[in-house]
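Colleague: Take me through this model, please. I want each label set against its rule.

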2 protein chains.
Amino acid sequence: MGQGTAAPAGGLRERARRAIRAEIARVGMELFLRKGFEPTTVEEIAAAAGISRRSFFRYFGSKDEVVLAHLDELAATVTEALAARPADEDPWVSLRRAFDAIVAEAEADRAAGFGLARLLNETEALRGQYAERQKRAWVGAAAPVIAERLPPLAGPGPDIRAEALVAAALGCVAIVADACLAGGPDADFAALLDQAMAAVRPLG
Amino acid sequence: MGQGTAAPAGGLRERARRAIRAEIARVGMELFLRKGFEPTTVEEIAAAAGISRRSFFRYFGSKDEVVLAHLDELAATVTEALAARPADEDPWVSLRRAFDAIVAEAEADRAAGFGLARLLNETEALRGQYAERQKRAWVGAAAPVIAERLPPLAGPGPDIRAEALVAAALGCVAIVADACLAGGPDADFAALLDQAMAAVRPLG
DNA sequence: CCGCGATGTGGCACGCAGTGTCAAGATCGG
DNA sequence: CCGATCTTGACACTGCGTGCCACATCGCGG
């Protein structure tokens, strides 16, 4: 238990498991996008993936998980982009630039990105969980990178400045995403993100 | 349908409904705090409130709703405090000061506040929904107040600056809440909030 | 070659959330 | 007092998530 093999593969068995999981996610998302989240039953997903209902729950702890599983890689992308920014750059600017990676990804596969966003938006139960996980994943991944670049904290007690920065930026992203969804597919994500983040912290 | 009576009461019938709803919420929260959220069944809550399982769902759309119902009044408190700030004050400062209302409320009933926080924290499904609702309620209520105090937007397109400000501040609150929960009941909420919000937007 | 344990899978049954439906009871207006 | 309306409780049903068990597959040593 607890292999530890992180990146591509390790156990022969492990790879098969990954493949099955990916297949379930693929066929599941397809059904969700076509029929909606709630109307699609686990039974259907399992059948479409060629497994039993019971086995579905051995790969995903819940139906939600199929949708939510995309987040970790997205967080990794942002963290990577963040680490690549110069260390002496203003952290807020670094955050803004790191988000360009998301923008690029969204532009690359516009249908998928917009479909996912629409799906999240019209499924109350998912929207909150997604936002929460996003926060957790991004704060956990990006805050350490930011923390190194901050001047030492004056007083005693815990230092939550980096987390606050990331959370605030994430709040801006969420608002921009909402605005884009409301404004249709022709909204300029990057420009709105500039507006939002500049409003919060006017760069001196 | 759609009475429209907003504030205290109106229909004779309406008051009874409010009372029953409040009673369900009270007994429900008591059970949640004692047994935890998931182990407590709707059946138990209904029995403790002296109604049938079916009637429970006539007052609350879901079990989650019992916990989540506290948010609207909290949002109202903040909005009120925000509106009371001078119009020429920096919006970020106004936001910070408005949050003092929450701090005061949390201090007043420390057990309830901390219990609720702990409950949310250890129930994955609730945490996300709570945060999402909080965002929605507070942005919806507070952003219009902020928007009036902002200088007119230069370019064309939608103005999301006020929403971004509120969302960013809310991100700070969330981080501080997490830190307080992690640090135990002796953490200084107000001081940490100062630190977080100052890190995001150093007041010039 | 044959057991033998370990792991993965499907089937079954269960508990619980949430919804539709319907019959009975309370309430209010006439 | 009586009918219209609203509320309530009871039953049934779908669907998610889980525990349990029997069966199949695979790698190992006897």
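Modeller: Over all chains, a search of the whole structure finds 36 salt bridges. The model is predicted: local features need pLDDT of at least 70, side-chain atom pairs count only at pLDDT 80 or more, and totals for chains, interfaces and linings use all residues. Side-chain values use heavy atoms, without hydrogens and water; residues are numbered from 1 along each chain as its sequence is written, with chains lettered from A and ligands numbered from 1 in the order in which they are written.

Colleague: Why is the pair A:Arg34 and A:Glu30 called a salt bridge?

Modeller: The rule asks for a side-chain nitrogen of Lys or Arg within 4 Å of a carboxyl oxygen of Asp or Glu. A:Arg34 and A:Glu30 have N to O at 3.5 Å. That is within 4 Å, so the label holds.

Colleague: What separates A:Arg34 and A:Glu30 along helix H1 of chain A?

Modeller: About one helical turn, because they are four residues apart in H1 (residues 12-35). Helices here are DSSP runs of H or I with at least four residues, strands are runs of E with at least two, and both are numbered from the N terminus. Chain A has ten helices and zero strands.

Colleague: How do you know that B:Asp178 and A:Lys135 form a salt bridge?

Modeller: Their closest N and O atoms are 3.7 Å apart. Across the interface of chain B and chain A, the rule finds four salt bridges.

Colleague: Which elements give two or more residues to the side of chain B that touches chain A?

Modeller: Helices H9 (124-149), H10 (161-183) and H11 (189-200) of chain B. H10(B) supplies the largest share, 13 residues.

Colleague: What makes up the contact, and how much area is buried between chain B and chain A?

Modeller: Contact means heavy atoms within 4.5 Å. Chain B gives 37 residues and chain A gives 37 residues. Buried area is the accessible area (1.4 Å probe) that two parts lose on being put together, summed over both. For chain B and chain A that is about 2,800 Å², 65% of it on carbon and sulfur atoms. On the chain B side, B:Ile160, B:Ile175 and B:Gln195 lose the most area, together 20% of what that side buries.

Colleague: How do the axes of H8(B) and H9(B) cross?

Modeller: At roughly 115°, coming within 6 Å; H8 of chain B spans residues 110-121. Axes are lines fitted to C-alpha atoms, for helices over the stretch in contact, and angles run from 0 to 180 degrees between N-to-C directions. Under 35 degrees counts as roughly parallel, over 145 as roughly antiparallel, 65 to 115 as roughly perpendicular and the rest as oblique. So H8(B) is roughly perpendicular to H9(B). B:Leu116, B:Leu120 and B:Asn121 of H8(B) meet B:Leu126, B:Arg127 and B:Tyr130 of H9(B).
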